[in-house]
Number of protein chains: 2
Amino acid sequence: MVDALADALRAQIPAPLVVTDPDRLASYRHDMATFCPSGMPAVAVLARETAHVQHVLKVASDLGVPVVPQGGRTGLSGGANAVDGCIVLSLAGMDRILEIDPANRVAVVEPGVLNAVLSKAAAEQGLFYPPDPSSWEISTVGGNIATNAGGLCCVKYGVTADFVRALEVVLANGEILHTGRRTAKGVAGYDLTRLFVGSEGTLGVITRATLALRPAAEEPRTVAALFPSVAAAGEAVARVVASGLVPSLLEFMDQASLRAANEYRRMGLPDHAAAMLIAQSDAGPERAAAEIATIARHFADAGGFDVIEAEDAQEGELLLNARREAHYAIDRLGSRLIDDVCVPVSRLADFVQRVEKVAADLGLTIPVVGHAGDGNLHPNVVFDATDEDQVRRARQAFDEIMRIGLALGGTITGEHGVGLLKRDWLERELGHVGLRIHRELKRVFDPAGILNPGKVMSLEA
Amino acid sequence: MVDALADALRAQIPAPLVVTDPDRLASYRHDMATFCPSGMPAVAVLARETAHVQHVLKVASDLGVPVVPQGGRTGLSGGANAVDGCIVLSLAGMDRILEIDPANRVAVVEPGVLNAVLSKAAAEQGLFYPPDPSSWEISTVGGNIATNAGGLCCVKYGVTADFVRALEVVLANGEILHTGRRTAKGVAGYDLTRLFVGSEGTLGVITRATLALRPAAEEPRTVAALFPSVAAAGEAVARVVASGLVPSLLEFMDQASLRAANEYRRMGLPDHAAAMLIAQSDAGPERAAAEIATIARHFADAGGFDVIEAEDAQEGELLLNARREAHYAIDRLGSRLIDDVCVPVSRLADFVQRVEKVAADLGLTIPVVGHAGDGNLHPNVVFDATDEDQVRRARQAFDEIMRIGLALGGTITGEHGVGLLKRDWLERELGHVGLRIHRELKRVFDPAGILNPGKVMSLEA
C-alpha cells in the first residue's frame, strides 16, 4: 500500500523528494504544540514546485489518502501534525522570493520562504514586511498565512491577513485556484483570499502568495515601566488607548514571567513588581520621542514605577529583550501549555487577575505575557509532565483560561490557531450555526475530507 | 399571489412596514447605476429589527420568492436593483447606533445607519470611522459593508472591510449567524466576516455590525499641483510612493474632469493642464507640514506646476473641492457610465493614456478621476442617451476600459462592486475555477437561490 502510494507519487515527482524512510518520516510527525496527538506518515513529499503539489493532491484524491501540509512546523496548536498513513506535504522547499516590486510595494513569494528571509529582503529595498510572530526566524510565510500569524507589530500594523493580497492555491482535486489580486483595492467577487488565510491547510494548499509591503519603518523609541499590580498595568494600557496614541508595540509581562526572565538571564528586574509594560513608537524622530514621553506619563499616572525611556534603539532592544526571551525563559520552568486568548483591551487586567486566581486555585505557575495593545495574552500553564495530577490540573487550567476569555467577550485564539489543541472549543465560540456553515464550506473545497483531516473541527456534528 | 405574500409577511411584521402600493414600490426599483435592468417588486418590507428580517427570509424561503436587500440605494452597479415579483428588503430603517465603546475603539451598529451619522457620532467621542465613499452622506453602513466601499481615505486607512470585526447575518432560511469577534485579533475558524463583506447581499442579510474605530485623525495639510501630461502626474505619484511617504489622501483628475469642474463652478483651473494631483498628510502638525513639503517637491520634480500648499485646513478643503465635486460636475455633461478599475499604482499613467485613446478612437468624452495612491480610477464615459450610436460606443468604451485594466494587472472593480453592471466580466477576472468555487459557496448559503438573484454572477455555467 505504501509502496503503491510512493510509486504513484514518484510518477511525477523526483524520487529523492518522496521520503519513505521511517526515521526521516518520524521527523515530520508534529509541530511544537503540547498534548496534541500525531500519527506516522506513510510518505513525505518535499515539494519544489506547484506541479508537485498538484500531483500529490491528485494522487491523494484518487487513493483517498489524507494530506497534511507543513511549513516550518513551528505551530503551537498541532495544526501541522501528521495523521497515520498520511502524505506529509512539506512546502518548506518552495522557498523562493519570486519578486519584490518597490514601485507597487508588493512581494510575490513561494510558501516556504522564512518570514525572516522575506523581512530582510524587503528591508534591503527600503521596505517593511510587518508580520512578526515570535517564530519569525524559523517559521514560513506559508505557515504564517495558514494560521494568520500575529506578533508584536499587530497593535499598529495588523496581522498577517492584512498583508495578503492574492494567493495561488492547489485545491483538493489538484486544480489551481487564483484568489485576490495584486492591486491595493478590489471587490470583484467574494473574498476567497481571506477564506484561506487562517484555514490551517483544511481548504487547500497555498503555493504562492502576493503580499503587501509598507515603507521602511522608522527607528522606534522605547519606554518600559513596572507596576505594583496587574490592575495598575491595565489602567496604564487603558490610558494609552484613551489618549488616542497608536504605539507600534505595547507588550505585557506579569510577575511570574518577570521572575522567569530574571532567572534565565539575571536581568535584575525587581521581583516585587506585579507586571511590566513595554511600549514603542516608530512615528518618526521627534514625534516618537513625544509619544513615548506621553506614554511614560500615562504609565506613571497609573502607578507605574521605574519608568525608563531608552536612550537609543540599542537600549530599547535591551528593554525589549526580557519580553522577547520570555518564551525561552518560561520554557525552562517545565512542560507547558501555551494559551492564546484575546479579550477586549479594557478587560485585560480582569483577564490576568482571573488567570492568577486559576493558578492559585490549582496550585500551578501560569506566567502571562502578551500583546497588551491588542488584548492578546499568552498564559503559559507550567507543569511537570511526569506528574499525572499536575497534568490533569494543567489541562483544567488551560480550559478554564479559554472559558474566562469567552466570558469576557474574547476569543479562544488570537493568533495561534485552533489546530487540534482547541478543536473541541471551537463550537463554543462559533455557535452551532457557525460550525455547520464551517463544515459546509469545508465540503465545498474538500468533499472527500483528505485535506488536513481532524484539524480545526470534526466533520461530523 | 401578491396578497398571499403580503399576508404571510404581515403575520409577523406590522402592516405599515409591508408596502404593496405600486407607486411606493416603484421607488424601490433601483440604485444609481446606469444601464442596469430593474424589475417591479411584489412587496417592500421596511425592516425595523432583526426578527423582521428573519421572518422575511423564512416566508421567502417557504414561497420561493426572491429577496433583494437594500440600504441607501446609492450603489453604482445595480446590486440593489429589484427583480420582478421580489420582496425588497429595506434595511434603511434599522438605523440605530447601538454602542460606541471608546475604551476598545469599537462601534456596534444596525445596517441602516448612514456613514455620515456614524462618522459624526464617532468624532463626538474623539474617534474616527475612516471609510469615506463619496456617497457617505446618503449611503448606509450596511450597504458600505455589502459592497466593501472605498473612498478617499483608503490610501492610508484601508477600505470598509478593514474596519469590520463582526457581523450578525440572517441566512436564507431565517437562521442567525454570528461571524467574527469584538477583539482586535482572532483566528477561531474561517474568516466568514470577510466572506460577507463585499458579497452584495447574495449570501445573507447583514443586520448588525461591530466596527473598529481609530483615534481621531489630526488636521490634514494639503498640496495640489497641475501637470503638463498624464505621464508627468504618473511619475509624480511614483516618486511619492518611492519616497516611502504614506499620504492620507492622493487624488487624481485628468484634463476632461478639470474642465468639467471649471464649467460647473468657474474654479479658474487652467484648461491647458493635463492633470491635477491633490495630496494630504495628517501625520501631525510638524510632520504633516514636512511631508507635504516633500510631496510638493516630488510634484515639481516630476514636472508639476502651480504647486500650491494650502495655508490652512480651510484652504485645503477648497483645493479638494474640485475633486469632491467632480462627480456632480461630470454629471452635467450628459448620461454616463462610471467605471471603477484598479491597477497597480505604477501603471496609473499607462492606464489613463489608454483610456484617453479609447475616448479619441470612439469620439467620446471620458473624464477620469480617482484615487491615485491606490491606482483606483473612475473613467466616466459620457454619452447622449437619446443617441443610439453614442450609447453603443459608450458601452464599447466601458468594456474596453475593463479590458485595459485587466491587461495591466488590475481588477474590473476597485470599490463599486460587480452587481449587474459587471457580472459578465467577472469570469474573465476570476477564471473558471474561481467562478465555480463562487457558485458552490453561493449554494452553501442560498441553496434555493432566493438572495439577490442574478447579482454578481449567474448561478449556472
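In the predicted model, A:Glu235 and A:Arg239 both belong to helix H8 of chain A, where four residues, about one turn of the helix, separate them. The two side chains form a salt bridge, with the closest N and O atoms 2.8 Å apart. Side chains of opposite charge can pair when their charged atoms come close. A search over all chains of the whole structure gives 52 salt bridges.

Salt bridges also link the two chains: ten were counted between chain A and chain B. One of these joins A:Glu218 to B:Arg287, and the closest N and O atoms of this pair are 2.3 Å apart. Polar contacts between chain A and chain B amount to 28 residue pairs, both residues of each pair having pLDDT 80 or more. On the side of chain A that touches chain B, the elements giving two or more residues are strands S9 (176-180) and S11 (214-215), together with helices H7 (192-196), H8 (230-242), H10 (285-301) and H15. Of these, H15(A) gives the most, with 13 residues. By residue class, the side of chain A that touches chain B consists of 35 nonpolar, 27 polar and 17 charged residues.

The size of an interface is often given as the accessible area lost when the parts come together. For chain A and chain B, the area buried between them is about 5,600 Å², and carbon and sulfur atoms account for 60% of it. Within chain A, the residues that lose the most area to chain B are A:Lys185, A:Val187 and A:Tyr190, which together make up 18% of what that side buries. The contact involves 79 residues from chain A and 79 residues from chain B.

Definitions and conventions. Residues are numbered from 1 along each chain as its sequence is written. Chains are lettered from A and ligands numbered from 1 in the order in which they are written. This is a predicted model: local features need pLDDT of at least 70, side-chain atom pairs count only at pLDDT 80 or more; totals for chains, interfaces and linings use all residues. Side-chain values use heavy atoms; hydrogens and water are left out. Contact means heavy atoms within 4.5 Å. Buried area is the accessible area (1.4 Å probe) that two parts lose on being put together, summed over both. A salt bridge is a side-chain nitrogen of Lys or Arg within 4 Å of a carboxyl oxygen of Asp or Glu. A polar contact is a pair of N or O atoms within 3.5 Å; within protein, one must be able to donate a hydrogen and the other to accept it, and residues adjacent in sequence count only if both atoms are side-chain atoms. Ala, Val, Leu, Ile, Met, Phe, Trp, Tyr, Cys and Pro count as nonpolar, Asp, Glu, Lys and Arg as charged, and the others, Gly among them, as polar.
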